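Here is a short briefing to read alongside the coordinates.

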Amino acid sequence: MRLRETIKILLSSVTGKIGVGLFLSLVIVSIYVVISYPLDFGTRIWNNPVVWADNPKNAPPAWSNAFTDIKRVEHTIFRATEPIEVIPATEVNTQLYTFNLNYQFDEPPTFTSFTLRNIKYYSRPPIITLSLARPDGKEILLYRHVVRGPDPGESLPVSRYVESPLRVYLSGDNTVLWNVADFVRREFKLDVPLSELRGMVDRIIFGVPAGGNGQDFEVLRGNYTITASAQLYHPKDSIGEIIFVLGGSVYGMMGTDALGRDLATGLVFGCPVALLIGLVTAILTTTIGAFMGILSGYKGGRTDTLIQRFCDILANIPLLPILIFLIFIFGQKLGLVILILIAFGWPGMTILIRSMVLQYRTSQLVEATRALGASPWRIMFRHIFFQIAPFVLAQMIFFTPAAILAEAGLSFLGLGDPSIPTWGQILEHGFRTGAVYAGYWWWVLPPGLLIVLAATTFVLLTLGMEPVVNPRLRQ
Amino acid sequence: MALLNISNLRLYYRTLEGIVPAVDSVSFTIEEGEALGLVGESGAGKSSLALALVRILPRNIAAYDGLVEFEGVNCLTLNDEEFRKRIRWQKIAMVFQGALESLNPVIKVGHQVAEPLLLKPGIVRQQAYATAQRLLEVVLLPPEVFHRYPHELSGGMKQRAMIAMSLILSPKLLILDEPTSALDVMIQAQIMNLLKRLKRELGLSILFISHDLALASDICDTIVVMYAGEIIEKGTAEEVLTEPGHPYTQKLLASIPKLRAEAIPEFIPGAPPDMTHLPQGCRFYPRCPQALEQCRREHPFPFSLNLRHEVRCWLFGDQK
Amino acid sequence: MKELVILEQIKMYFQVRKGLFRSLIVRAVDGVSLTVKQGETLGIVGESGSGKTTLGRVSLRLITPTAGHLVFDGEDITLADDAKLKGFRRRAQGIFQDPFSSIDPFMNVYQILEEPLLIHGIGDREERKGLVYETLEEIKLTPAQEFMTKYVHMLSGGQRQRVAIGRALILRPDYILADEPVSMIDASSRAEVLYLARELQERRGMSFLYITHDIATARHFSHRIAVMYLGKIVELAPTSKLIAQPCHPYTQALIDAVPTPDPTNRFKERRVILGEPPSPVQVPTGCRFHPRCPSFMPGKCEVTEPPMIEARESHYTACYLYS
């Protein structure tokens, strides 16, 4: 009865409705994260540079193109595990992997790369060729790779590029350079020395000469097709994955940080972490605080004095130095941070609850229940507790943003747990690498705004809960 | 001309459960120098009536109309500003229920008593304080009370201070809502004596609201009995107390424990009706020992027993 | 008749801090001896500050008296600890003034009535249910099914107080303290509650200590009345005798102050003594009532406290008019 009534009151005000709406959104995002992200996301993916090797560093989000004059290249990663076409022949099967790209940017790509993963062959090693078909009809053969044959002692079938994929940085590769020089001479009738071509590979591949000197190239817009053709000499030969990366200067939904990490994934992951930290800390702090407060207020005497002095001591110990000290001993762990926040958070609640309980101690209800013969424990937790429960609940909700902000602050100071990305962590990384000064707004603003959003959600919820605590405010 | 003439006054509240007709078409008059007692159980609408007269209304009003004529002026036609300036506190003053807790604990008693006067234009502070001091004397408080704080006064003294505060603008009509409910019986008697004297010496008209019929009869010339938002009996004190017509009034009288009589007090079983679901017929029907079949079906009108005595009961249905 | 509750020379002093260094002693109860016999209702009448509520709380051992003895059914429980008191609590219960604040608003009627049984470990669930139903019948809150699930705020004042009575009754106590049980109920519903109490008393032979400021209700619902003033008993007598021929001037004043529904009252002022009871912090010398007493005898009343004497048969008073 009371729960339904509480929810009804919560939803009756505008603040309550907004608060509940925001809270549900946070919960939905968190559920999504819990389902689709691996548990060791922090260590295995976020902090693993290999995963982000192909990403541009410090790249703004892709949609920021809408606000700039120059359409910067969107970083695109093409992956294929299955060929589009298979051309069978007697001795050789040719598998074709194609990637289509509609290039509408104002700049050439920052780099291009080509990765092969997990190749297995049963007789002769496969040969893989990479070529590009341009909108003006011209074609370039970019790269040709023969997979390494069996080493002495190795027996067929041979697996290659399983733990470490083959990554070819096309923009700096000599073979590619030769092929491009050849292309330029053949198609544009320009003879450009190799030394000058170095560094211009992508510009040439994706452009046409401007001016006659072979120095300037204009971007050629249109449809490009990248084809990887694999010649396989045994029907059981297989290629795990072929990846072509078009290096861009803008990336994804929220951009990247200095390590090329996709900030969108990091920020989304931070959502359940923030909620967890906030709620766990808040619930445990208020529960312990309320329990001690009731005990202290009702029992009085020596128990009261003991608990009160203990709270005084805790309140006077500086939080930060203790935390730094403990981190020094035990290492940076999220559990430690939460523990410290709880251990130093409950005294505040105790003092509040104690004064409320003192009032109830002399009430007629308590007197009447004592007359019945009830034990102090019964009075405390069957009667007094329910009188203060709405207040405790409101405090719990209200304390959550404080916990979230505390954790963010601590992470910002570098005391957080680096193995789990939180919004505070992302902020800290940004500040540490000078993202603020470099103007990398996509890195610094979103985590800050999200922290504010989470805190605001709970504040709105508390405001919406006010009529529950104070019945006079009910409509 | 009557000092106060109320005719078909209605005050309905809007609540979650429905509309509550707290004051359901009430009519009576108060002459100058007359004390009228408004008696009934809690929830009968007495306090609502008082609030309707001084126009201190909550936000959830569903209806507020009728005639409230004070010295010939129809109060309901005045807007809030005019009412506040001309009528409230200077013509009609009120001592609320639980007035003992209404005093501001951080302001001296004398200053609080003087406050309504200080808010009037053209009054100098010294004048106001002198008037307040004089009034404290009138209510038989020692002069040093002026400089005391409320927590230093006893219950009876606080009540006298509240009465002084209500008299500061020399109103013609004083409304008292359960003025002695929190006081001991001897202090209660003292306050009643004070009120009687004020009525006599100042020519004050009084509207005395109480659930205690014996207390009301201590001072009132006329008695009006309310039940479930309506007046069910109205008459002079002699008529109502010695020859009550309505069964409810009779029961009320019988429930007063009499010290010198052996007869044990009676009580009225049951409870007042749910104001959001009032019955079709007489509202007292379920608890009435003399109920007729007609009472269940038809809502009774007020019938006149004589010039001043009216009873809303089918037992007197042949009177007109 | 057996003397069930004996209060012997009970003194209850409280220390109140006033300012940084001073503290005052409030002599709430200053030497009171009373007995409550089995099956009787003893009324204690007094104004605020008389100490009657404090005395009642002492009689239930909710507070420990500063001096004196509390004897219940022959056993001295003045200093008994909580464990020993559990047995006492099963036989002595209380009904308090404000039914709204003495009952937990978060429990429904069933839970409220069941709680004493749970505290004292009586019966299993079925038996408890039976007892609750029985009690609901006794306090006339029927149909029981309907009232069981209600919460306090859904009931009228009289109904709430009946629940409080039910809660006190369900353990079948021998002694009940009723502290101003009807003062917060409408005048027209008071008798209902008091009748119920009396009916139950007659049926079960319980003893009541009925504390009130209203001598009129005490008159109809007590066998004997004790009048208290400023911490002491000034008169003790069987009810009819006390009302018909009060000895002490304070008792007379209390009787005079009771309003009656006589229409001629409005033409005359009620006879009342002036002033107010002094604070229990500053108790007058000699007879405590002497500053306000219309029969004050200088040289006697303000010097020493008058002893309690038997002025007439079984009619006791502490007043120099009778010695």
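In this predicted model, helix H3(C) meets helix H4(C) through Tyr110(C), Leu113(C), Glu114(C) and Leu117(C) on the H3(C) side. Their partners in H4(C) are Arg128(C), Leu131(C), Val132(C) and Thr135(C). Sorted by class, this contact of H3(C) with H4(C) holds five nonpolar, one polar and two charged residues.

**How the two helices of chain C pack**

- Two packed helices are described by the angle between their axes and the distance between the axes.
- For H3 (residues 109-119) and H4 (residues 125-138) of chain C, the axes come within 10 Å and cross at roughly 120°.
- The crossing in which H3(C) passes H4(C) is right-handed.

**Overall build of chain A**

- Chain A contains 15 helices and twelve strands.
- Its C-alpha trace spans about 105 × 55 × 45 Å along the principal axes of chain A.
- The radius of gyration of chain A is 32 Å, whereas a compact globule of 475 residues would have one near 23 Å.

**Burial and contacts in chain A**

- Of the 475 residues in chain A, 37% are buried.
- If you take the contacts in chain A with a separation of 6 or more, 74% of them join residues 24 or more positions apart.

Key
Residues numbered from 1 in each chain as written. Chains lettered and ligands numbered in written order. Predicted model: local features only at pLDDT ≥ 70, side-chain atom pairs only at ≥ 80, totals over all residues. Axes fitted to C-alpha atoms, helices over the stretch in contact; angles between N-to-C directions. Helix = DSSP H or I, 4+ residues; strand = E, 2+ residues; numbered from the N terminus. Left-handed = near helix turned anticlockwise from the far one by under 90°. Contact = placed C-beta atoms within 7 Å. Nonpolar A, V, L, I, M, F, W, Y, C, P; charged D, E, K, R; others polar. Rg over C-alpha atoms; globule rule 2.2 N^0.38 Å. Buried ≥ 20, exposed ≤ 12 C-beta atoms within 10 Å, placed from the backbone.
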